[in-house]
Amino acid sequence: HDFSKQDVTAATLTSNGKIVTKCKDCGEIKSSTTIYYPKTFTLAKTSCEYTGSQIKPTITITDSNGKTVAATNYTVAYGTNKAVGKGTVKVTFKGDYSGTKTIEFNITPKKNTIGTPAIASDGITVKWTANTSGTGYYIYRSVNGASYTKVKTITSNATISWKDTT
């Protein structure tokens, strides 16, 4: 027998594949190996803070048998992933696998640095650092550390202070 022939049925995103080794002359099957389909796609971070640069969270893919799919079986392409909102990771399978899967993750605005409020007889002024990753700000107030109430919506990210006169 000459068992140099292999028939490969690639695993897809929803079904297992297989590798069958058989005699190239008579077709007798020597072995059959299951290629388990990629089941779980896990990003290192599902929420990333805005940085101004492209964000590229690493991905781990686990098959339906619980084993990690080797990175040699797929390529990863990242979207622009520079703006606040949704970022994308596109996985394209190759070799013993076929199919394409796009995974989304969140890009959150950069956190602001808030200064100490300045108290005056006519109100309280709050200042913060400008944040170009967002489009504006919400101001909340709490009395005695109890629940918070939104008291102001600021629609420009260039604004860096607000005076509460109530």
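Guide: With the word strand: a strand here is a DSSP run of E with at least two residues, and strands are numbered from the N terminus. Thr9, for example, belongs to strand 1. Keep in mind throughout that this is a predicted model.

Visitor: How many helices and strands does the chain have?

Guide: The chain has 0 helices and 14 strands.

Visitor: How do I read a sheet, and what is the order of the strands in the open sheet of 3 strands?

Guide: Two strands pair if DSSP finds at least two bridges between them. In this open sheet the order is 1-2-3, and the pairing is antiparallel. Strand 1 (5-9) and strand 3 (29-35) are the edge strands, each pairing on one side only. On average, neighbouring strands of the sheet are turned by 15° against each other, direction ignored.

Visitor: Over how many bridges do strand 1 and strand 2 pair?

Guide: Strand 1 pairs with strand 2 (residues 17-22) over 5 bridges, in the antiparallel sense.

Visitor: Which residues is Thr9 in contact with, beyond its neighbours within four places in sequence?

Guide: Thr9 is in contact with Gly17, Lys18 and Ile35. Thr9 and Ile19 are 10 residues apart in sequence, while their C-alpha atoms are 6.4 Å apart in space.

Visitor: Where else can I follow strand pairing?

Guide: Look at strand 10 (residues 118-120) and strand 11 (residues 123-127), which run antiparallel and are joined by 3 bridges. A hairpin of 2 residues connects strand 10 to strand 11. Ala118 stands opposite Thr125 in strand 11. Strand 11 also runs antiparallel to strand 14 (residues 161-164), with 4 bridges between them. There, Thr125 has Lys163 of strand 14 as its bridge partner.

Visitor: What should I look for in a nonpolar core?

Guide: In soluble globular proteins, nonpolar side chains tend to be buried together. The largest nonpolar core here has 18 residues, and those touching the most other members are Ile59, Ile61, Tyr74, Val91, Phe93 and Phe105. At least two residues of this core come from each of strand 4 (38-43), strand 6 (59-63), strand 8 (85-93) and strand 9 (100-108). Another core, of 6 residues, lies apart from it and includes Val126, Trp128, Tyr137 and Trp162.

Visitor: Which residues is Tyr74 in contact with, leaving aside its neighbours within four places in sequence?

Guide: Tyr74 is in contact with Ile59, Ile61, Val69, Val91, Thr92, Phe93 and Lys94.

Visitor: And how do I read the chain as a whole?

Guide: Set its radius of gyration against that of a compact globule. The chain has 27 Å, whereas a compact globule of 166 residues would have a value near 15 Å. Along its principal axes, the C-alpha trace spans about 95 × 30 × 20 Å. Of the 166 residues, 24% count as buried. The chain exposes about 10,700 Å², with carbon and sulfur atoms supplying 49% of that area. Among contacts with a separation of 6 or more, 39% are between residues 24 or more positions apart.

Terms used. Residues numbered from 1 in each chain as written. Predicted model: local features only at pLDDT ≥ 70, side-chain atom pairs only at ≥ 80, totals over all residues. Heavy atoms only, no water. Axes fitted to C-alpha atoms, helices over the stretch in contact; angles between N-to-C directions. Core = buried A, V, L, I, M, F, W, Y, C linked by side-chain atoms within 4.5 Å. Buried < 20%, exposed > 50% of the residue type's maximum accessible area, 1.4 Å probe, protein only. Contact = heavy atoms within 4.5 Å. Rg over C-alpha atoms; globule rule 2.2 N^0.38 Å. Areas by Shrake-Rupley, 256 points an atom, 1.4 Å probe, with all protein chains shown as cover.
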